[in-house]
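Me: I would like to learn how to read the features of a structure one at a time. Please give the general idea, then the case at hand.

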Amino acid sequence: MVICIAMLITGAPSAALAATANERTASEPGAPGKDAAPKKDAAPKKDAEPKKDAEPASPAPTPTPPTPAAPTKPESPGVAPVAVDRPLVAFPHPLISEILASVPTGPAGDANLDGTRDATGDEFIEIINPHDKPINLKNYRLTDKSLGKGKALSFTFPALELQPGEVCVVFNGCNATIAQPVGDAGAAAAASPKFDGARVFTMRASSSRVSLSNAADAVVLWTPDGRVIEIVRWGKVDGLPPCELTEEVSASQNGSVQRESLTGKLVAHPSDGGVSFSPGKFGPAAALRSAKPDTQPPKPTKGTAPSRPAPSGKK
Ligand SMILES: [Ca+2]
Ligand SMILES: [Ca+2]
């Protein structure tokens with residue numbers, strides 16, 4: 001009675017009281033009303049019975065724990081496979097691995113080892129074969145930002161098969177007398193022991209104006225059919241064609257930029273005893289050179305390598 005009166009007299013508190021009342025009723029055993037209705041809904045035990053009948057026919061799916069994946073790591077890898085990521089350029093294109101545009105001053109700048117430091121003649125572009133198969137450089141072309149127009153820097157390779165990981169250096173060559181063996185646009189030469197066994201070329205630049213600008217320029221690599229496949233640029237350069245592999249490097253180098261790995265960026269060459277370039281030498285490619293694709297076992301596929309050896313008897 002008291003509760004009823006309160007509900008009638010007050011507004012908001014009545015709701016609270018009502019709620020309390022409802023809760024009380026709901027929790028009270030045997031209370032009629034709401035409890036009855038849900039029971040009706042849940043009541044149909046008939047549904048459960050057919051299930052019983054069906055049980056023998058199709059036993060309830062036992063929650064089968066997924067078979068734990070067998071460890072994919074080989075326990076004892078005999079020979080460590082050469083881990084080579086997908087090259088930055090598609091096969092069969094070469095990849096620029098180092099550029100020396102800013103020749104250091106003094107004797108330390110004699111990159112082509114002809115005994116004289118020359119701001120133009122000692123410039124070089126180093127390329128490698130980043131693939132696991134040989135490539136041929138015939139008619140690939142290197143230019144600067146002028147894209148080979150006019151009397152600007154341009155060098156077209158003669159036929160030369162580069163083995164996987166093999167390095168090739170193209171010196172500007174202006175006023176230079178580079179030690180043999182050295183090739184040019186007419187013909188390639190044998191590997192040069194003076195340059196870490198690389199294939200060495202000279203552009204035979206006819207003038208010191210045919211050179212790479214220290215402040216702003218680009219090295220552009222062209223395919224034999226005239227497509228641009230790689231651009232390395234520095235400083236403010238306009239008019240370069242679009243190219244998927246366009247890399248911007250710092251213009252202010254007193255030395256070269258070299259790739260930090262086969263698939264890495266071009267970064268300032270570490271200064272090794274005061275020498276901040278390394279024509280013909282590209283350490284990361286050594287792994288490719290030592291790999292012998294023909295005799296290598298099939299490359300393990302990431303994550304899916306079977307742990308059990310395949311049956312060897314059956315064909
Ligand atoms: Ca020199
Ligand atoms: Ca190098």
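**Reading the model**

Reply: K138 sits in the loop that connects β3 (135–136) to β4 (141–143). Strands here are DSSP runs of E with at least two residues, helices are runs of H or I with at least four, and both are numbered from the N terminus. This is a predicted model, in which local features need pLDDT of at least 70, side-chain atom pairs count only at pLDDT 80 or more, and totals for chains, interfaces and linings use all residues. Residues are numbered from 1 along each chain as its sequence is written, while chains are lettered from A and ligands numbered from 1 in the order in which they are written.

Me: Is K138 buried, exposed or partly exposed?

Reply: A residue is buried if 20 or more other C-beta atoms lie within 10 Å of its own, exposed if 12 or fewer, and partly exposed in between, with C-beta atoms placed from the backbone. K138 has 13 C-beta neighbours inside 10 Å, so it counts as partly exposed.

Me: Which residues does K138 touch, leaving out those up to four places away in sequence?

Reply: Contact means that the C-beta atoms of two residues, placed from the backbone, lie within 7 Å. With that exclusion, K138 touches F157, P158, A159 and P224. The C-alpha atoms of K138 and A159 are 4.0 Å apart, although 21 residues separate the two in sequence.

Me: How is a sheet read, and what is the strand order in the open sheet of seven strands?

Reply: Strands of a sheet pair through backbone hydrogen bonds, either parallel or antiparallel. Two strands count as paired if DSSP finds at least two bridges between them. The open sheet of seven strands runs β8-β9-β7-β2-β1-β13-β14, and its pairing is mixed. β8 (191–192) and β14 (266–268) are at the edges with a single partner strand each, so one side of each has no neighbour in the sheet.

Me: How many bridges join β1 to β2?

Reply: Five bridges join β1 (residues 95–100) to β2 (residues 124–128), and the two strands run antiparallel. E98 has E126 in β2 as its bridge partner.

Me: Which strands pair with β10, and in what sense?

Reply: β4 pairs with β10 in the antiparallel sense over three bridges, with L142 bridged to L221 in β10. β10 also pairs with β11 (residues 228–234), again antiparallel, over six bridges. Here V219 stands opposite V232 in β11. β10 and β11 form a hairpin with five residues between them, and G226 in the turn has a positive phi of about 85 degrees.

Me: Why is β10 described as largely enclosed?

Reply: Six of the six residues of β10 (residues 217–222) are buried, so the strand is largely enclosed by the rest of the structure. D217, V219 and L221 point one way, A218, V220 and W222 the other, and all are buried.

Me: Now the backbone angles: which residues have a positive phi without being a glycine?

Reply: N175 is one of them, with a phi of about 60 degrees; this residue is in the loop between β7 and β8. D196 also has a positive phi of about 60 degrees without being a glycine, and its place is the loop between β8 and β9 (198–202). N175 has 15 C-beta neighbours inside 10 Å, so it counts as partly exposed. D196 is partly exposed too, with 16 other C-beta atoms within 10 Å.

Me: Where are cis peptide bonds found?

Reply: The peptide bond from F91 to P92 is cis, with omega near 5 degrees, and P92 lies in the loop between α4 (48–57) and β1. The bond from Q180 to P181 is cis as well, with omega near -5 degrees. P181 belongs to the loop between β7 (167–171) and β8.
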